[in-house]
Amino acid sequence: MHLPFHSPCRQNLQGPPSVGAFDEYGSDRPMQLGRIRCSSDLTGIYSCEKNSFAEGKIKMNPSRPSAIKNDIQIRRGGFHRTAAGGSFVISAVPMGPKADLFPPCKIVDLDARIEDKVVLSWAASGNYFDEGQEPHRQGQVMGVIGSLIFLLSFQLLHVAKGSMVWLNKNGYEDLVVAINPQVPEDANIILNLMNMIKNASNYLFEVTKHRFFFKSVNIIIPKTWKKNINYSRLKKESYDKADVIIADLYMKHVDDPYTLQYGGCKEKGQYIHFTPNFLLNDSLANVYGEKGRVFVHEWAHFRWGVFDEYSSDVPFYVSRNSEEASVEATSCPAGVMGISVFQDCSGDKCEPRSCRYDGQLYEKGCLFIPDIRQNISCCVMSLQYLTSVVEFCDKNTHNSEAPNMQNKICNHKSTWEVIMESDDFRNSAVLNASAPPSETTFRLLQTQDRAVALVLDVSWSMSMHNRIRHLHSAAEVFLLHIIEVSSWVGIVTFDSDASEKAPLQQITNDAARQKLVQCLPIIASGQTNICAGIRKGLKIIADKMNTTHGSEIVLLTDGEDSGIAACLDLVKQSGAKIHTIALGPSAAKELEEFSKLTGGLKLYAVDGANPSKLTETFSAITSGSGDISEQSIQLESKELAVPHSGWMNTTVPVDKTVGNDTFFSIAWSLSQPFFFLRDPKGKEYGSSDFTIDNSNPNTARLSISGTAEVGDWQFSIKNVHTTTQAISVTATSRPAYSDVPPVSTSAHMNRASRAFNPVVVYAEVSQGFLPVLGATVIATVEKDGAAAVTFELLDNGAGADTMKNDGIYSRYFTSLQGTGRYSLKVNAHGRNTTTRLSLRQNQALYIPGYRDNGKIYMNAPRPKFADKEIQVMLGSFSRISTSSLVVNTGEDSATIYPPCKVTDLHAHIENETIVLSWTAPGGDFDNGKADHYIIKSSKNLLDLRNHFDHAVSVNASNLIPKEAGSEESFKIKRENFITEHDTIIYFAICAVDDTNLISEVSNIAQVTWFIPPKASVPLDYDSNNDGANSTVIVAIGAVCVAVVCAIVSSTLCVLQKQKGRLHIETMQKHV
């Protein structure tokens, strides 16, 4: 069925600005002198506002004589003239083609202006000076844009995950906050959110020493909330690209604010998360601190890549900051005043007591209760809830000993040192003001129905490698099973021109989907004109929606187009998001610029024997609204080369979080195989139950009505063709319940901002916002012309993986095959016995209580979960996610890589022997194995960090490195060191590969010879002793133990628990 299409839309052409003269004034530009505002018309005549003069006398010359249009516009008719010139002599002419002799001429009329983004315009230079067409013009265009962004980086500093935040004269603009569609409508959420960010702006300005503040914020209201005339339409903002997300967790009664961080030190985060209850419940300020301060704490994670300076896992450590070793709370700075308390709870009643020692440290469950009044001003990443804290720790106040994530990941640097190395800091200056120069402004935006135009290349190159057939098959899957109900979809094709195949129409039922499928292209011919396709795509959207703001274009092409630059400005002004799909090795190198400018997806599919790879790519283009209830989820995508009479047996697990609209397909490259599908209850579906369309004869499809049975669906496929052929299986489904989030996987691939710029592959596996642990995650990276590389991603806190058990599975990719596009497919699967949910680790500190004027105030105990993990009976699950990356290997300083840094070195004493343990790095980052290790020790932590080569060596010649990811262990005899009471020895390690490339120095581990007190004095609540340090010094010996125990047993404690808080009255110390 062919639907009518509209005629091409008109294109507005803007000529380049005229070349500037040599004068050092500009007659063609508006000017502003003091308070006198003047501008010129086309004749060069200035006009000034009469009432804009500043104080003082100004004498004005008579106005320049005016020339009206008729005076300067002359009708000459046609004319022709010839002028004779001189002559010149050329000698020593080099040989070769013209292109080797002359470069393009210098561009002298480059002009820049700021609209939504920086807009550049200029007259095109030639291939050789000003003759011909400039080769690779778009690449040079992007180079200029890149240079301009560098020069104007104080205005254009974009962060990870497509964030729209940019820094404008010290103020952060276009911060996006999105409310999850599952959140019930409540106007107080918006009000409290605004107040939190306003307070955060003032606090941020103070703690950054008058540098940064929040200037403008966009709040995305979900479509599920009522419409309001004060809500504007989205442009390029979207829920899935938001900087801050407001949503409930899957677990109840958990309101920990946190920032999702994939990378290491100085690497920006993915998003900040708050629950609605955190915004609405003012009493939570008692356990997290004032909301604005918490926001700044999380902003530092998100924007500058710093980490927490407290530790819930290691709340105490043995310190040598004082003359003698002592147990201190993990914090920054050192020496925070407070007391250690253990709560013995039975039901609603809790009896606090002093913490006992277990080895060298306090027993598990011991809590540090800080004094609410402190004589310290830092640090935001540890104690932001204290009113005295108005700074980040710097190199003078930083506690480099504390066993926290900031020291581990940022190599014992202070948070302020890391912030000072950021682009924000380098491109800003201190403001001479006591408060931010302006208040934060807010815009309220509401999500609308999705509007998508498929803009598909049908040029002659699409007839190669069965691309047009694969496009038809993959786009059919997108229309039938991926795009969400109520979305608006249209279809445009382009070759040397563009055609509308289907106007924008709403998907309300299966018939509407089938109608669109009939409009998909099946023939390819002609040249490639990408801009024609984009213009037509924007037109069919505007014709129906009256705007292109908030819309999407899915742009697929396999060819090059030298004219892409012609529509970059149009794309930027459209407010539409462009998802690009590069098909095959020859797609335009500039294609991804459309996605980069608009925040769209950048996708790539290699040529294949059947359409499975392109189908995977289309399946990634789901709604970014945050509404997962109707979102398509890819369960399986598997392709094998099956020999004659060979079998392909594949299991597709359907877990209880999915099952609606479940769809299976089989594709083959040569002829139809024999196959059947068996559901978990044994019911079989044969080839007669599948649908095979005449327009797509190499694919069979089966849709399961209702909700699919939970369990393993098993494919059995036999190749009955006479030769080997490629056979693929794909499966998609939708969530089974609107209120239970499905397990999901999100794949990412990027170059890390660290030495050697390695490529890192990440896969986030989660259910809702909770990480899923124990999954098996396999990554496959492909590039046209190169063999696929398959490897396992790990969540072990080693190598590329920043944090263990956070649901982010990571690995370095070291098998680069030159410059070009790389596609990534991640397959995550799990079983009942291994899959667990966990709380986010990188979260705001839950304050157990505080001490004020001798009284201890305890907050309600934090909700407890067994080992912070929950066993989830999901059934077996499988998920597929895709991504891509463009790599320029010319940026690399080396073609080989050193071993990765060891990040999980631990040390402990076992039977008078020092035991070191760590995860083995590889020979190339975290792949392969190293050649040998270098282990060093020192009694000074910073000396070991800064002067590793000069530290004392530990003989490790007999230690043979294992394969990357293996557990390593090494024992050192104590007799090799001079030790006594209160001795602390620090260890670090480097790995060396077979080419003598050396890794970075590892994290620093310590062992301590420290004999703690055998007992503790009773809790002292005397208001006269509220300055006591958390370290309790007591006598050691059996008699003292008995005396102290007697004192403790005779102490009277009065407990009152009111509304979740415990007030402990002041007690007198017994002597």
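This is a predicted model: local features need pLDDT of at least 70, side-chain atom pairs count only at pLDDT 80 or more; totals for chains, interfaces and linings use all residues.
Visitor: What makes up the secondary structure of the protein chain?

Guide: The secondary structure comprises 18 helices and 58 strands. Of the 1071 residues in the chain, 53% are buried. The chain exposes about 49,500 Å², of which carbon and sulfur atoms supply 51%.

Visitor: Why is helix α16 called mostly covered?

Guide: A residue counts as buried when its relative accessible area is under 20%. In α16, which spans residues 612-619, eight of the eight residues are buried. Among them are K613, E616 and F618.

Visitor: What makes a set of residues a nonpolar core?

Guide: Its members are buried residues of listed types, including Leu, Ile, Phe and Trp, joined through side-chain atoms within 4.5 Å. The largest such core here has 91 residues, and I219, F295 and W299 have the most contacts inside it. Helix α3, residues 187-207, gives the most to this core, with 10 residues. Leaving aside neighbours within four places in sequence, W299 is in contact with V165, Y172, L175, L204, F214, I272 and W304. A second, separate core of 53 residues includes I220, Y239, V765 and V887.

Visitor: Why are β53 and β56 said to stand at the edges of their sheet?

Guide: This open sheet has four strands in the order β53-β52-β55-β56, with antiparallel pairing. β53 (952-954) and β56 (1005-1009) each have a single partner strand, so one side of each is left without a neighbour in the sheet. Neighbouring strands of this sheet are turned by 30 degrees against each other on average, direction ignored.

Visitor: How do you know that β55 and β56 pair?

Guide: Two strands pair if there are at least two bridges between them. Five bridges join β55, residues 983-992, to β56, so the two strands meet that requirement. In one of the positions concerned, I984 has T1008 in β56 as its bridge partner.

Visitor: What makes β11 and β13 the edge strands of the sheet of seven strands?

Guide: That open sheet has the order β11-β22-β10-β8-β12-β14-β13 and mixed pairing. β11 (232-233) and β13 (258-260) each pair on one side only. β11 pairs with β22, residues 441-446, in the parallel sense over two bridges, and S232 stands opposite L445 in β22. Helix α6, residues 291-304, packs on the sheet and touches β8, β12, β13 and β14. The direction of α6 makes about 155 degrees with that of β14.

Visitor: How do you know that β17 and β18 pair, and in which sense?

Guide: The requirement is at least two bridges. β17 (residues 338-346) and β18 (residues 349-354) have six, in the antiparallel sense, so they count as a pair. D344 stands opposite E351 in β18. The hairpin of these strands has two residues between them, and G347 takes a positive phi near 65 degrees.

Definitions and conventions:
Residues are numbered from 1 along each chain as its sequence is written. Side-chain values use heavy atoms; hydrogens and water are left out. Buried means under 20% relative accessible area, exposed over 50%, partly exposed in between (1.4 Å probe, protein chains only). Accessible areas come from the Shrake-Rupley method with a 1.4 Å probe; for residues, only the protein chains shown count as cover. Contact means heavy atoms within 4.5 Å. Axes are lines fitted to C-alpha atoms, for helices over the stretch in contact, and angles run from 0 to 180 degrees between N-to-C directions.
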